[in-house]
Amino acid sequence: MSTNFDRRRINGPEDSFSPVLVDDDEDETKWRPGKPRQSRQPQDIRPIFLQPGLISQANGSAYIETERTKIACAVYGPRQSKNVGYIERGRLNVQVKFAPFSCHKRRAPIRDAEDRSIAVLIHQSLVSSVRLELFPKSTIDVFLTIIENDGIDSCVATGTVAASTALADAGIEMLGLVTSCAATLMGEEIWLDPNHDEATAGASTLVLACMPALNVVTSVWQNGTISPKQGLECMKACQERCETIHSIVAQSLVSNFTPE
Amino acid sequence: MSATVSLSKSEKSYIRTALGELSPIRADGRSLLDYRSIALETGVASLANGSARVNIGKTAGEESGSGTEVIAAVKLEVEGVLEGEGVDGGRLMCTVSCSPAAYPHLSSAALDDLSYDMTIILNQCLSHPSLHPKNLVIIPKRRSWLLTLDVIVLSDSGNVYDALFLAARSALCDTKVPKTRSVQYQPKSNALGEQDVEMSAEAPASIFSTKEVKSTADFELADYWDEGEPLDINQEWPVCVTLNLLSAKSLPTYFLDATSQEEAAIPLRLLLLFSFSPSGTRLQSMRLMGDGEIQLESMTQLLESGENHARKLFQALKNKLQEEDFRRNQKALARFDLR
Amino acid sequence: MDVDLKLPGQPIQIPRGPAPQLSNGVYSRDGQVRASLVGIPIYQASTLSIRRVRPHPPTSNSIVLGTVTRLSPIQATVSITVVDGIPLLPGEEFTGVIRVQDVRATDKDRVKMGDCFRGGDVVKGVVISLGDAQSYYITTARNDLGVIFATSEAGYTMQAASWQEMRCPKTGKIEKRKCAKPEGL
């Protein structure tokens with residue numbers, strides 16, 4: 001470098017970097033942290049579109065869409081567990097895949113830690129609802145494909161709803177339908193069903209899954225910093241909203257039911 | 001997140017019935033809210049910036065090998081923000097690896113999954129922005145520290161999550177970030193002279209401006225490498241309390257510090273991570289694990305009692321860490337005197 | 001919208017009188033009977049159930065249909081394709097085994113597997129136990145159980161001639177099988 005240094009030319013800086021493109025247009029309509037919530041109240045959730053039975057080759061399936069979170073779920077089985085010893089209770093196997101185009105950055109189609117962490121959380125929400133004692137030696141496979149991702153919390157909550165609907169559609173015996181709702185703590189307010197921007201701006205996020213029919217909670221997952229009192233308030237708010245979601249799930253299953 | 005020990009139906013019911021009795025009985029004679037003895041030592045890895053070893057349930061007089069044993073160590077690496085993977089302000093990454101010796105009956109795939117699950121729980125809690133240390137910056141927008149916290153599970157006889165977070169907190173409290181000084185290069189004078197500039201938080205107006213070459217280019221270590229300042233966070237690193245829930249009824253009974261057998265016998269566990277600082281008690285993470293269920297009403301009570309247990313644990317750990325600090329400094333002084 | 005349609009977890013009103021026996025698709029918890037499937041609860045005699053329309057794994061006493069995939073002197077391996085009248089999805093078959101002592105009810109010690117089943121036969125059987133890790137145990141020791149469909153060496157569908165013989169309609173050759181008694185006879 002220093003050997004062909006030419007002082008007659010305008011020399012650039014020694015090290016240079018490609019510019020970092022920031023979407024910095026002063027768009028007044030865009031939500032920014034600190035602003036009040038746009039287009040809905042803190043306790044409102046995004047509209048849900050839920051359709052069971054879209055994947056015809058699967059035993060049961062569901063497709064769910066809440067604005068920019070889009071998830072397809074297919075349930076296969078119960079089928080015979082292979083390569084394991086005799087198990088008295090069935091196994092619930094949850095797998096989550098991100099479509100390579102589901103996030104801002106391309107996700108290479110390989111299994112990574114985040115896929116598994118979401119699968120573990122959805123498994124936790126569902127496992128107590130399925131009557132696994134009726135499926136000895138069998139495995140029930142739940143496959144979720146995240147087509148568009150708008151926040152991990154939203155994926156876990158929406159994925160749980162889709163998976164439970166797909167299980168009901170697959171005719172798998174369950175104690176009750178599981179619904180799930182996310183919340184984020186924004187300042188002192190609790191915002192339900194946050195999208196990605198809101199969840200990252202919030203101090204803490206919480207996802208709660210419950211069976212509204214039996215009034216029991218199956219999963220709680222909280223992260224970030226929150227006072228215990230606010231945590232309880234978050235859980236209460238989520239559980240209330242889960243009942244609304246429950247009626248959406250019920251409606252979609254009823255309208256999809258065809259007596260034979 | 002499956003139990004690591006497989007028990008038969010009758011073994012499970014045996015343990016459950018004994019725990020559910022009016023005067024509960026545990027195999028090792030503890031009461032429901034008793035911990036096993038916890039041993040802690042900091043500074044166990046000399047090449048790490050901070051480290052700790054935790055053992056829960058080591059029987060007295062026995063050599064290592066019994067109880068749950070966990071080692072945590074913190075390493076700091078320099079990262080470039082613009083050219084590397086680094087992020088302005090530094091990064092904190094946690095990894096848990098389970099030794100095959102701790103889980104001899106698990107296949108390597110299952111072991112990987114278990115390590116993954118523990119990693120995620122540790123990482124989601126500790127690398128949350130609310131706990132981010134402020135002093136991981138070396139040169140604003142240029143260089144930063146990558147803090148990696150590696151935890152190894154050497155043996156597991158139950159309650160591994162409490163042990164993980166005890167070790168993590170101790171190692172992080174033990175960590176010293178080396179002091180750095182920014183070094184500036186001034187091309188105008190053509191003298192290739194290096195001039196010390198105190199590290200300042202003033203960021204250059206733009207990295208593209210060529211007129212103002214005020215930005216610092218590199219850094220050097222200020223002192224000896226074993227000296228440094230502790231991590232600077234707004235709150236305290238949290239401690240974990242696992243409440244093992246016996247029943248899903250409205251008045252849940254729970255017990256602390258389960259052994260592996262007890263863990264395999266119970267349907268549900270509630271992981272609670274609390275951080276206590278003068279500004280108040282904060283819940284840093286909360287998670288239900290297992291195939292049981294719970295009523296929301298009972299969560300109020302569980303959170304309350306979890307907070308009390310966590311506070312006691314937190315206080316005991318704080319005292320122990322101070323003691324450790326004192327012991328090591330004493331030792332160092334004594335060694336210095338010998339020379 | 002059907003008023004009687006129940007969803008998983010929804011309580012089912014039980015009429016006064018003796019408590020019904022709970023069968024498929026319903027369960028009782030804390031004294032309340034609830035549905036565990038999407039469907040309409042039906043009473044048959046004193047059993048309450050919701051009909052399963054989707055495949056489910058065999059349990060003991062399930063009537064299964066399957067294809068013989070492997071034959072040995074001590075057992076025949078069957079790939080179960082229909083459970084209680086509900087066909088399984090392709091690729092989701094369960095494995096069953098007919099042991100030599102479970103082939104017929106009489107003369108058990110003189111059973112020759114080769115004279116009872118051949119590869120490719122479709123067999124109707126009843127599950128007697130969940131078996132071991134690999135397979136369910138199936139019995140054909142009843143008149144209405146056994147081979148219901150088989151092809152001859154010449155490749156034609158054979159007809160049952162007696163409870164242990166089948167005849168090829170083209171060549172007239174007799175082959176030995178443990179036949180199921182055709183329904184409605």
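Here are a few questions and answers about the chains of this predicted model.

Local features need pLDDT of at least 70 and side-chain atom pairs count only at pLDDT 80 or more, while totals for chains, interfaces and linings use all residues. Residues are numbered from 1 along each chain as its sequence is written, and chains are lettered from A and ligands numbered from 1 in the order in which they are written.

Q: How many helices and strands does chain A have?
A: Helices (H or I, at least four residues) and strands (E, at least two) are DSSP runs, numbered from the N terminus. In chain A they follow the order β-β-β-β-α-β-α-β-β-α-β-β-α. The count for chain A is 4 helices and 9 strands.

Q: What percentage of the residues in chain B are buried?
A: A residue is buried if 20 or more other C-beta atoms, placed from the backbone, lie within 10 Å of its own. In chain A, with 260 residues, the buried part is 52%. For the 339 residues of chain B, the buried part is 38%.

Q: Which element supplies the largest share of the side of chain A that touches chain C?
A: Two residues are in contact if their C-beta atoms, placed from the backbone, lie within 7 Å. The contact involves 30 residues from chain A and 23 residues from chain C. On the chain A side, β3 (69-80) and α4 (228-256) each give at least two residues. The largest share, 4 residues, comes from β3(A).

Note on methods. A residue is buried if 20 or more other C-beta atoms lie within 10 Å of its own, exposed if 12 or fewer, and partly exposed in between; C-beta atoms are placed from the backbone.
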